[in-house]
Amino acid sequence: MTGRVWGMLLVLCAAIFLEGVDVSMMGVALPAIQADLGMTTGELQWVVSAYVLTYGGFMLMGGRAADLLGRRRMFLFWLAVFMVFSGLGAFAGEGWVLILSRLVKGVAAAFLTPAGLSIITTSFPEGRLRNKALLVYAGTAAAGFSLGLVVGGLLTTISWRWVFIAPVILTAAILAAAIVLVPKDEPLERSSGGFDLTGAISVTAAVLLLVLTVERSTHVGAAQTIGLLTLSAALLVVFVITERRSRSPLVRLGIFASGPLVRANLAAILFSGSFFAFQFIVVLYLQQLRGWSPLQTGLALLAIGIDAVLAPTLTPWLVNRYGNVRVILGGLVIAALAYALFQPMALDWTYAAMFPSMILLGLAFALVYGPLTIAATDGVDGAEQGLAGGLLNTSFQFGAGVGLAIVTAVSTAVIGGATTPDAILDGYRAALLVPVGAAVLGALVIAAGLRRTSALEPA
């Protein structure tokens, strides 16, 4: 591999680092945004929800567009869109402008992320070299999310607008480097088969509705929730029928015949859901019950960022020695342990008592995130690498939404109308059972693949 190829990998890592930083910085800046723009709590949650909904909803369309229209073209175009709408958010004078900025940035990320991933999987040959590239890429993404918590706290002390200005500067530098280093590619399929617009619209609408329903389930009645779920299911039926009949489907349904791909996506949903649920409860615990500042909270979670060191160093060695499936399984077991160790949290808990969970979770991230990326794309035809990447990233986003919704519902139900610190703490402890259960279930899903692999091996 030439230096230019590794330079290209650096550019793609910078882009996914940007996406991770952008997501985590926003959570720290929300209180300052609310105070400055006079947004209600209901309006404020859409600053986050607009991004998550469009990111998760358009991911499959983004993955297929990379395969059909050209990966470099999609990467560069949507990187530019991401930059422009970050700038729009920086100068927003009203809440709706900020929400619009986040909505379009979510769409841009949905097209940008699978394009970048498929550039890597088609540029590096399958095997040890590609695994190394993917582990570096995944480790960079996780590091971006972890460091964004601290960076967001620092920037917000100057002005929340810097949470939008900083990505503009970073995106401009990445775009300039990408124009030079990302090689030109030809679309893998031409217009003879067409673009499956009906499939794209139906599955995007279905996923958007599904994520929206989960996100709003704790705020609306059962009748509305059931109605939205029914509509989402109907759209999925339309999608499946369309894909079965289309000459050039958005998602070739036969891709789900791959057991490793299906298990990787199920594990991604469960792992992402467990992590976001845990982080949400811990942030509330530290800030609402302990009175920690956003910067202090970010620094407390920074230990999770150890995965940025472990992912490109320890994880490749473990994957080469023990295999991908065993490494993922070990990571999910460690994640379950990390969540369980936080159960005894108290109103006077020291950071030393919290630290083991943070370190173990950083190790779990290093062992799970990158290897899942390998598992979800390994053995997939080159023409469907963008699709496979889109499926995986959809799973991560959907898992985050589901995890947040469930953990919120549990904590709210247990706390009820109580306002005492002890009652709130009981609600948080109950909610932390959600990430423990999700991690254990994820481990069982992966263990099924390990048993299947063992059964196929010759005696």
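Which helix holds the place of L100? L100 sits in helix α4 (residues 95-123), helices being DSSP runs of H or I of at least four residues, numbered from the N terminus.

## Basis

This is a predicted model, in which local features need pLDDT of at least 70, side-chain atom pairs count only at pLDDT 80 or more, and totals for chains, interfaces and linings use all residues. Residues are numbered from 1 along each chain as its sequence is written, and side-chain values use heavy atoms, leaving out hydrogens and water.

## Overall form

The chain has 16 helices and 0 strands, a strand being an E run of at least two residues. Its C-alpha trace spans about 65 × 60 × 50 Å along the principal axes.

Of the 459 residues, 54% count as buried, meaning under 20% relative accessible area (1.4 Å probe, protein chains only), with exposed over 50% and partly exposed in between.

## Nonpolar cores

A nonpolar core is a set of buried Ala, Val, Leu, Ile, Met, Phe, Trp, Tyr and Cys residues joined through side-chain atoms within 4.5 Å. The largest has 123 residues, of which F75, Y285, F342, M345 and Y428 touch the most other members. Helix α9 (residues 259-289) gives the most to this core, with 14 residues. A second, separate core of 20 residues includes M26, L44, W160 and F164.

Beyond its neighbours within four places in sequence, F75 is in contact with L12, A15, L112, A115, G116, I119 and A178; contact means heavy atoms within 4.5 Å.

## L100

L100 is partly exposed, with a relative accessible area of 35%.
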